[in-house]
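Take a look at the model below. Which parts face inward, and which face out? Let us walk through it step by step.

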Amino acid sequence: MPVYWVPLVLAVRPKELIGKLGPLLPARYSPISPITGGGHQSVYLASIPKAVFETIIANTIFDAQALEFGGRNSLTFEAVGEFLDEIVERRIKADLQLGDTVRKSVIQARRGQGQFRANVEAIERECRLTGITNPSLLIASHIKPWRL
């Protein structure tokens with residue numbers, strides 16, 4: 001299954017669109033609750049109807065050509081992961097509600113996930129449960145929580 005990353009200029013908030021999205025969502029295995037718009041954590045890599053996709057993209061701005069030619073998209077899983085990690089780290093550093101010690105601990109734990117993933121990949125080349133071998137779809141943090 002190919003996965004392509006295309007940045008959206010405006011954030012998509014399903015709860016704000018639930019009036020339009022609700023009737024379009026599948027009855028079973030929906031990634032979003034058709035009633036509340038909240039995400040279903042147990043639904044992972046679910047298929048959605050084309051009408052749901054079209055409703056979502058109608059409410060944001062994106063590069064349609066990049067989406068259409070996703071195979072040529074330079075945004076790899078790793079590049080997107082690094083970009084998102086940088087954003088999260090900046091937010092943690094800016095969070096004045098966290099003490100310095102907690103802030104440093106959270107950042108160190110997040111950085112440790114990359115090493116954990118590398119260690120797991122050195123031993124396992126596929127998911128033991130699903131047999132998936134595509135590294136872009138394998139998320140080491142799903143093996144065990146990094147926070148209790």
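Predicted model: local features only at pLDDT ≥ 70, side-chain atom pairs only at ≥ 80, totals over all residues.

Start with helix H1, residues 14-21. Its buried residues are Leu17, Ile18 and Leu21. They sit on the same side of H1, because they cover an arc of only 145° around the axis. Now turn to the face that points away from this buried side. There you find the exposed residues Glu16 and Gly19.

What covers the buried residues of H1? Helix H2, residues 50-57, is part of the cover. H2 has buried residues too: Val52, Thr55 and Ile56. Look down the axis of H2 and these residues fall within an arc of 100°, so they line one face of the helix. The cover over them includes H1.

Next, move to the loop between H1 and H2, where serine 33 lies. Is serine 33 buried or exposed? Its relative accessible area is 11%. The cut-off for buried is under 20%, so serine 33 counts as buried. Leaving aside residues up to four places away in sequence, serine 33 touches Ile18, Leu25, Gly38 and His40. One of these, Ile18, is also among the buried residues of H1.

Now for the charged pairs. How many salt bridges are there? The count is three.

One is in H2. Glutamate 54 and lysine 50 meet there through their side chains, at 3.9 Å from N to O. They are four residues apart in the helix, which means about one helical turn separates them. Lysine 50 is exposed, at 62% relative accessible area. Glutamate 54 is partly exposed, at 39%.

Another joins lysine 93 to glutamate 89, with the closest N and O atoms 3.5 Å apart. Both belong to helix H4, residues 77-94, and again the four-residue spacing is about one helical turn. Lysine 93 is partly exposed, at 49%. Glutamate 89 is buried, at 18%.

A further bridge pairs aspartate 100 with arginine 103. Here the closest N and O atoms are 2.8 Å apart. The two residues are three apart in helix H5, residues 100-123, or about one helical turn. Aspartate 100 is exposed, at 52%, whereas arginine 103 is buried, at 13%.

Methods: Residues numbered from 1 in each chain as written. Heavy atoms only, no water. Buried < 20%, exposed > 50% of the residue type's maximum accessible area, 1.4 Å probe, protein only. Arc of directions from axis to C-beta. Contact = heavy atoms within 4.5 Å. Salt bridge = Lys/Arg side-chain N within 4 Å of Asp/Glu carboxyl O.
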